Amino acid sequence: MTRIRALSRRLAVAVVAGALLGPAPLIASVVPRAHGAAAVRETWAPRPEVYPGTVTRRDLAIRMSDGVVLRGDLELPARADGQAVKRRFPVIVTITAYNKSAGGLSGGLTGGSPSYLVQRGYAQLTVDARGTGSSEGQWAAFSRREDKDAGEIVEWAHSRKRPWSNGKVGMSGPSYLGMSQIFAAGSRPKGLKAIFPQVPAADVYRDVVASGGQIDVGFIPLWLGLVTGAGVIPPAVTATDPQSGFGAFVDHLTAAATFTIPLMLDALTGGEAAYDGRFYRDRSPGRVIGRVQVPTFLVGGEYDIFQRGTPLLFENLQHRDVPVKMIIGPWNHLEGSSAADIDRAGYGTLSELQLRWFDRYVRGVPDPTLDSDIAPITYYEQGSGRWTHAREWMGDQHAESLRLSGSATAGGGAGGLTQGAATAGDSVVPPVPVSGLCTRSTAQWMAGLPSTVLDGLPCWEDNALNDASGVVFQTEPLTSALRLRGPINARLYTSSPSGDGMLSVSVSDVAPDGTVSRLTGGWQVISHRALDRSRTRRLDGRIIQPYHPFTRTAKQPLAPGQVAPVDVEVFPTAARIAPGHRLRIAIQAFDVPHLLPTAPDLPSTLVPLTIHASDRYPSVLTIPGLG
């Protein structure tokens with residue numbers, strides 16, 4: 001598995017560097033997979049290409065209802081002589097903020113090659129989002145206006161005025177491109193039949209902007225820099241329409257000065273952007289997911305920046321009986337975006353999956369074995385290395401609570417984690433501002449780039465060194481396997497000399513040789529410990545997924561030395577802890593370079609935290625057990 005993930009990382013960085021990904025190879029049937037792959041289904045085979053090539057028309061003008069002109073590239077099936085086939089096709093729409101003309105800069109965040117589908121009878125329309133690439137206007141990261149654009153783009157592609165469109169539209173793409181699909185589907189545009197979002201968020205504040213209440217300085221500046229950098233490249237359309245291109249370029253520079261840079265500075269200095277509110281709600285797909293009615297195929301990653309949100313989107317759709325599938329693999333954001341080894345789930349390559357989904361729901365071709373072949377949920381199980389299947393995300397789990405027991409010492413002895421009687425103890429978590437460096441958390445929250453560039457470092461796979469910068473509590477070696485799937489809650493009774501600080505929690509599998517495999521993590525600022533009980537999720541009456549308001553009014557530090565329960569939302573995962581292994585919870589006071597406090601909060605975080613464990617202060621880890 002390590003060799004396979006290393007290969008995927010090398011492929012991802014090659015794509016980011018600008019390597020061109022050709023169309024997926026044509027196969028006549030689903031072939032056997034490598035060790036660890038899911039069981040192979042043989043009831044469906046991808047149809048062969050119909051057209052020998054493709055041809056692209058650049059920078060088509062797409063006028064929005066407010067007069068702003070967006071630009072799209074249209075890829076059409078072509079004959080052997082290179083001429084476009086003159087007929088109407090179903091259209092796959094992709095909306096990107098990464099400059100459709102800058103493939104080398106944004107290739108790792110655009111998914112697979114569209115040529116596979118185009119050569120099988122689809123048209124591909126790739127559009128620069130408002131204020132990016134060659135499109136006019138000012139970018140504002142999923143503003144309400146941009147959401148409206150998404151629906152209008154679909155209806156433009158649906159219109160019979162397009163001689164290459166038969167009126168049936170699907171959407172594809174990862175990350176920003178995946179979230180655009182959800183906003184488009186939420187507006188219910190005419191002609192939209194199905195979507196295929198990879199690694200999308202649900203709640204941008206909780207998923208990525210401010211995990212636990214601190215600011216994400218690992219991914220957010222990287223992402224804002226990517227969009228801004230791609231936006232200040234002179235628009236490609238300038239060569240054919242200088243007036244439009246120059247106007248777009250000025251718009252892009254203006255947005256960088258008036259939106260991107262001020263937003264980041266406001267968050268880091270403790271302004272309104274540091275707190276949840278309308279700004280982030282407007283930009284969260286969770287706001288519109290309840291309006292999505294079209295069949296949706298979701299792809300997510302266990303080490304993805306949107307690890308938390310993708311399953312929540314699935315649950316909403318399934319609850320409303322919208323046709324939906326979800327595959328979650330052992331992928332970071334780049335790996336989930338490229339989906340280079342999604343075939344290990346047992347259903348074929350990304351291109352084959354999209355072909356099957358769009359043939360069924362966009363073209364309307366009957367596929368009677370689709371639901372029996374592809375489970376509602378296919379999820380890679382850490383520990384066992386198996387691809388597992390389920391009908392519901394949270395259906396057959398039960399709450400298992402393990403008490404923190406005794407005292408743990410930073411860099412020294414471990415405390416206990418038990419379902420039996422707990423021993424009273426206090427454990428001091430030192431403020432180590434380098435905690436988190438060179439861990440799976442670092443790789444995850446920088447989209448996979450660090451572990452790609454510095455492939456092979458032991459700390460990406462073994463969390464033992466980082467755990468020594470805080471305190472750990474772990475079970476005795478298990479006598480039988482422990483399986484879990486879903487979100488986790490760590491309720492930690494905590495005190496602090498300043499009344500504030502952050503709890504950085506990781507849940508890990510400890511092998512008999514001492515190797516610590518981080519399964520997942522969670523974070524919580526003490527002053528943001530307030531719970532919205534109406535949105536907090538429980539399992540068997542116990543909190544399994546806390547929901548914190550993260551507003552300025554809800555923020556309340558403790559009195560110095562005051563002890564209070566702090567519920568830490570540990571992001572969802574699936575794992576099997578084998579007999580002889582231990583389940584561990586590790587607690588640090590920082591997670592660098594992922595998170596940093598705002599400038600006003602920095603002094604209050606540079607203090608030791610005390611974790612209390614006793615009958616009076618029953619600190620506990622609650623997991624969603626299986627079996």
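How exposed is Cys438? Cys438 is partly exposed, with a relative accessible area of 26%. Its legend comes first.

This is a predicted model, in which local features need pLDDT of at least 70 and side-chain atom pairs count only at pLDDT 80 or more, while totals for chains, interfaces and linings use all residues. Residues are numbered from 1 along each chain as its sequence is written, and side-chain values use heavy atoms, with hydrogens and water left out.

**View A. Cys438 and Cys459 form a disulfide.** The sulfur atoms are 1.5 Å apart. A disulfide here is a pair of cysteine sulfur atoms within 2.5 Å. A search of the whole structure finds 1 disulfide. Cys438 lies in the loop between strand E14 (425–429) and helix H14 (440–445), and Cys459 in the loop between helix H15 (449–453) and helix H16 (464–467), so the bond ties together parts that are 21 residues apart in sequence. Helices (H or I, at least four residues) and strands (E, at least two) are DSSP runs, numbered from the N terminus. Cys459 is buried, with a relative accessible area of 16%. Buried means under 20% relative accessible area, exposed over 50%, and partly exposed in between (1.4 Å probe, protein chains only).

**View B. Strand E5 pairs with strands E3 and E6.** Two strands pair if DSSP finds at least two bridges between them. E5 and strand E3 (residues 89–96) are parallel, with 4 bridges. E5 and strand E6 (residues 192–198) also run parallel, joined by 6 bridges. Val169 of E5 stands opposite Val91. Val169 also stands opposite Leu192 in E6. E5, H5 and E6 make a right-handed β-α-β unit. Right-handed means that, with the strands pointing away from the viewer, the path from the first strand over the helix to the second runs clockwise.

**View C. The largest nonpolar core holds 93 residues.** Such a core is a set of buried Ala, Val, Leu, Ile, Met, Phe, Trp, Tyr and Cys residues joined through side-chain atoms within 4.5 Å. Val93, Leu125, Trp139 and Trp223 touch the most other members. Helix H5 (residues 176–186) gives the most to this core, with 7 residues. Apart from it lies another core of 37 residues, among them Ala490, Val505, Val592 and Val607.

**View D. Tyr205 and Phe550 form a tilted aromatic pair.** Their ring centres are 5.6 Å apart, with 40° between the planes. Rings of Phe, Tyr and Trp (its six-membered ring) pair if their centres lie within 6.5 Å; planes under 30 degrees apart count as stacked, over 60 as edge-to-face and the rest as tilted. Tyr205 sits in helix H6 (residues 204–209) and Phe550 in the loop between strand E20 (542–545) and strand E21 (564–577), 345 residues apart. Both are buried. A search of the whole structure finds 21 aromatic pairs.

**View E. Arg120 lies over the face of Tyr116.** The distance to the ring centre is 3.7 Å. Arg283 places its charged end over the ring of Phe279, 3.8 Å from the centre. A charge sits over a ring if NZ of Lys or CZ of Arg is within 6 Å of the ring centre and within 35 degrees of the ring normal.
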